Amino acid sequence: MSVLLLRLAGPLQSWGSAARFARRTTESAPTKSGVIGLLAAAQGRDRGDDLTDLAALRFGVRVDQPGTRIRDYQTAHHADTGKSMPVSERFYLSDAVFVAAVEGDSNLIDDLYRALRAPAYLPYLGRRSCPPSKPLELTVHMDLGLEGALAGERWHAAEWYQRRLGREKTVPLEVIVESRSGGDGPVDTFRDQPLSFDPRHRRYGLRTVRSTSVRVPNLLARAVAARRTPPPDHDPATVLKGV
């Protein structure tokens with residue numbers, strides 16, 4: 001078993017799990033269906049191709065920079081009649097950074113890593129209007145497991161965001177991982193287990209996840225501390241002595 005780590009960063013991201021035409025929302029972190037779709041596109045799979053091997057991968061994500069949720073309005077015309085469609089709301093995450101991970105068969109993980117380095121179709125972060133700002137692939141781990149790989153990866157937040165937390169030598173990051181069967185404690189359920197991306201009949205199943213947190217070093221904290229000048233040795237009460 002191996003783990004593939006991906007860096008998901010861009011001006012805009014949108015990871016919907018319950019979207020409708022008139023209101024297309026986004027989750028606060030990448031969905032499994034969105035990341036599996038990205039990997040399938042990198043391999044050059046068509047929408048109607050079998051997803052069994054990719055759907056079986058165990059998925060997790062770490063929130064390195066939560067970003068800001070923003071809203072946009074869009075209009076469209078019907079392709080056949082030309083009539084105006086209802087105005088739709090579109091929600092996005094702005095300036096967010098995530099580290100996503102998939103765990104599975106080593107041969108498949110190696111194939112996915114190579115595909116991300118030379119993708120057959122252009123990758124996007126949830127929607128086609130959301131391209132990544134940096135290369136997606138990070139590394140492959142063979143002996144850490146999903147949780148260990150997410151805990152051990154360095155912090156990938158933007159430099160300005162890391163400097164904002166410059167007083168903290170370590171920072172807590174939320175981690176959302178697919179739960180194992182039994183013994184995982186409290187879990188949440190999402191309908192974003194991909195079964196088929198066929199546009200004629202998209203299908204998604206339920207999966208359970210649990211949320212934890214890890215602490216990672218803030219490598220810019222030392223630089224901030226080094227630039228901080230000590231307070232002057234000054235006692236304002238000295239002027240009152242002898243009065």
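Me: In which strand is the place of Asp95?
Reply: This is a predicted model, where local features need pLDDT of at least 70, side-chain atom pairs count only at pLDDT 80 or more, and totals for chains, interfaces and linings use all residues. Residues are numbered from 1 along each chain as its sequence is written, and side-chain values use heavy atoms, with hydrogens and water left out. Helices (H or I, at least four residues) and strands (E, at least two) are DSSP runs, numbered from the N terminus. On that basis Asp95 sits in strand 5 (residues 88-104).

Me: What is the phi of Asp95?
Reply: Most residues other than glycine have a negative phi. Asp95 is not a glycine, yet its phi is positive, at about 55 degrees.

Me: Is Asp95 buried, exposed or partly exposed?
Reply: Buried means under 20% relative accessible area, exposed over 50%, and partly exposed in between (1.4 Å probe, protein chains only). Asp95 has 43% relative accessibility, so it counts as partly exposed.

Me: How many of the residues of the protein count as buried, in %?
Reply: The secondary structure comes to six helices and nine strands. The protein has 243 residues, and the share that counts as buried is 41%.

Me: Which residues does Leu4 contact, leaving aside neighbours within four places in sequence?
Reply: Leu4 lies in strand 1 (residues 2-13). It is buried, with a relative accessible area of 0%. Contact means heavy atoms within 4.5 Å. By that rule the partners of Leu4 are Leu39, Ala100, Ala101, Val102, Ile109, Leu112, Tyr113, Leu116, Thr139 and Val140.

Me: How far apart in space are Leu4 and Leu146, C-alpha to C-alpha?
Reply: Along the sequence, 142 residues separate Leu4 and Leu146. In space, their C-alpha atoms are apart by 8.7 Å.

Me: What separates the C-alpha atoms of Phe59 and Val102?
Reply: Phe59 is found in strand 3 and is buried, at 2% relative accessible area. Not counting residues up to four places away, Phe59 touches residues including Pro30, Val35, Ile176 and Arg207. Val102 is also touched by Phe59. These two are 43 residues apart along the chain, and their C-alpha separation is 4.6 Å.

Me: How are helix 1 and helix 3 placed relative to each other?
Reply: Axes are lines fitted to C-alpha atoms, for helices over the stretch in contact, and angles run from 0 to 180 degrees between N-to-C directions. Angles under 35 degrees count as roughly parallel, over 145 as roughly antiparallel, 65 to 115 as roughly perpendicular and the rest as oblique. Helix 1 (residues 32-43) and helix 3 pack at about 75 degrees, with axes 8 Å apart. The two are therefore roughly perpendicular.

Me: Which residues make the contact of helix 1 and helix 3?
Reply: Helix 1 gives Leu38, Leu39, Ala42 and Gln43. Helix 3 gives Leu108, Asp111, Leu112, Ala115 and Leu116.

Me: Where does Pro123 lie, and which residues does it touch?
Reply: Pro123 is in the loop between helix 3 (106-117) and strand 6 (137-141). Its C-alpha is 9.1 Å from that of Gly37, 86 residues apart along the chain. Not counting residues up to four places away in sequence, Pro123 touches Leu38, Pro131, Pro132 and Leu136.
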